[in-house]
Amino acid sequence: MRGLHADTGYLLYRLGLRSGQLFNTSLQESGLRLRHYAVLRFLATGEGALQRELSTRLGYDPSAIVGLVDDLEKLGFAERRPAPDDRRSRIVVLTENGRAFLRGTEAAGLRVTNELLAPLDQQERATLHALLLRITEDGLN
């Protein structure tokens with residue numbers, strides 16, 4: 001394993017897997033997964049988004065977005081509405097129930113983060129966060 005642990009990309013991959021597992025476990029009662037949560041969090045940052053924008057910004061396949069939004073609509077957490085500038089297009093909007101759900105998951109998200117980053121002190125956590133932001137700004141937007 002020593003060779004793998006020398007590879008930063010592999011370590012990030014493993015950390016991402018662990019983070020996803022922990023977060024999915026925390027969401028288990030709701031029936032949602034991390035992918036649903038990501039859509040909700042993205043929608044909470046604005047006034048809605050086209051499904052193709054969700055696909056692009058979150059890095060999910062367009063067909064996956066359709067299913068995720070369908071799931072969120074069934075739960076009353078999101079809804080599709082006509083786009084203001086093009087009535088043929090539909091935007092996905094977070095509902096008040098979706099906002100309430102997100103508020104209810106804040107503590108679970110903090111617990112997951114604290115579990116993952118337990119070996120780091122506050123300054124190290126801040127440094128890691130700043131570095132991850134820098135990396136994602138350059139390559140994942």
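How far apart do the end C-alpha atoms of residues 5–137 lie? Select that span and check: the end C-alpha atoms are 25 Å apart. The span is 67% helix and 13% strand, where helices (H or I, at least four residues) and strands (E, at least two) are DSSP runs numbered from the N terminus. UniProt, in an unreviewed entry, places the feature "domain: HTH marR-type" at residues 5–137; such annotations may be inferred rather than shown by experiment.

This is a predicted model, in which local features need pLDDT of at least 70 and side-chain atom pairs count only at pLDDT 80 or more, while totals for chains, interfaces and linings use all residues. Residues are numbered from 1 along each chain as its sequence is written, and side-chain values use heavy atoms, with hydrogens and water left out.

Next, colour by secondary structure. The protein chain has seven helices and three strands. Trace the order along the sequence: α-α-α-β-α-α-β-β-α-α.

Now select residues 34–43, helix H3. Show side chains for the buried set: His-36, Tyr-37, Ala-38, Val-39, Leu-40, Phe-42 and Leu-43.

Zoom out to the whole protein chain. Of its 141 residues, 29% are buried. Its C-alpha atoms fill a box of roughly 55 × 30 × 25 Å along the principal axes.

Finish with contacts (heavy atoms within 4.5 Å). Among those between residues at least 6 apart in sequence, 44% join residues at least 24 apart.

Notes: Buried < 20%, exposed > 50% of the residue type's maximum accessible area, 1.4 Å probe, protein only.
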